[in-house]
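Hello,

Here is the structure we discussed handing over. My notes follow it.

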Amino acid sequence: MTKRRGPRAPFVLHTIEFYRPMTAATKSPYWSMIAKKRSWQAVPVGKGKLQEGGEDTIFRLLALRHLELPVKDFLEQGLAKELPSTPGIEEALRHNQQDEERHDQALNYVVAAHGTNEKAEKEAFNILKAWQEHPAHPILKAAVLERSIFFVVLPFFRFNGDMGIRTVAADISRDEITHVGVHSLVARELGEDAGKSLNQLRRSTALWAFDKLGKSENKWLDKDFWLRQSDSLFEKGKAEGLAETQKSRMPAFFEAANYDLPSYGKAA
Ligand SMILES: [Fe+2]
Ligand SMILES: [Fe+2]
């Protein structure tokens, strides 16, 4: 099913501008997804007040920024393997790699303002190691991490962070919607499916991430709520509990409709 790609389309890596081939490639889902991206820049942020009761979790989730550049590496590993011949696939993966660098920068600006929790930082490196060592296809690992971990981390930032964290989360989310679409499609084209053990790794990562929360009347601080959203994003590609993020809080957050995942809101 897979074969080496033919000549590549000219592509400008430093901006969102690129030249599309004029033939069938124009219709490629990868080109369509790249075209919906918006460029943004990481900038320093100030330190505001975090939602009370969510502070420890914010530090754990910030420690997961150490997975941003490794996701870029997963894509590099994927690019070195056989890929489907669908036009735009390599360009989309390269484009997403650039985004991961910006996510790392933006989250480091947040850390510069808020500091880190040393224990959380260390533990995040153990989690990173487990993801790096997992034998699943690297692009599938990127897709699962983005879909069912980052897409709970980012809304948590939105509801429990200060203004700087919320802004960074919104910017990163717009990119990640495209990433999940691209990486899920690549994994599907390759016939790669997440098995039990990748799901277990995903579940343990989510358990660690939200372990500092307990039961709460405020669902945005309720541990089970967040774990359920991660389960649901993994299993169904949807997180119905996060539908409000689409409706009222910040429409632009999820406006970049995509081919695939994740979908917040209505059940199918
Ligand atoms: Fe990212
Ligand atoms: Fe990503």
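Notes on the model

Of the 268 residues of the chain, 41% count as buried (20 or more other C-beta atoms within 10 Å of a residue's own, with C-beta atoms placed from the backbone). This is a predicted model, in which local features need pLDDT of at least 70 and side-chain atom pairs count only at pLDDT 80 or more, while totals for chains, interfaces and linings use all residues. Residues are numbered from 1 along each chain as its sequence is written, and chains are lettered from A and ligands numbered from 1 in the order in which they are written.

The chain has 10 helices and 0 strands (DSSP runs, H or I of at least four residues for helices and E of at least two for strands, numbered from the N terminus). Among contacts (C-beta atoms, placed from the backbone, within 7 Å) between residues at least 6 apart in sequence, 79% join residues at least 24 apart.

Beyond its neighbours within four places in sequence, Val153 is in contact with Leu61, Leu64 and Ala209.

Helix α6 (residues 138–160) also packs against helix α3 (residues 68–80), at an angle of about 150° and with the axes 7 Å apart (lines fitted to C-alpha atoms over the stretch in contact; angles run from 0 to 180 degrees between N-to-C directions). The α3 side of this contact consists of Val71, Phe74, Leu75, Gln77 and Gly78, and the α6 side of Pro138, Ile139, Lys141, Ala142 and Leu145.

Regards

Terms used. Two residues are in contact if their C-beta atoms, placed from the backbone, lie within 7 Å. A residue is buried if 20 or more other C-beta atoms lie within 10 Å of its own, exposed if 12 or fewer, and partly exposed in between; C-beta atoms are placed from the backbone.
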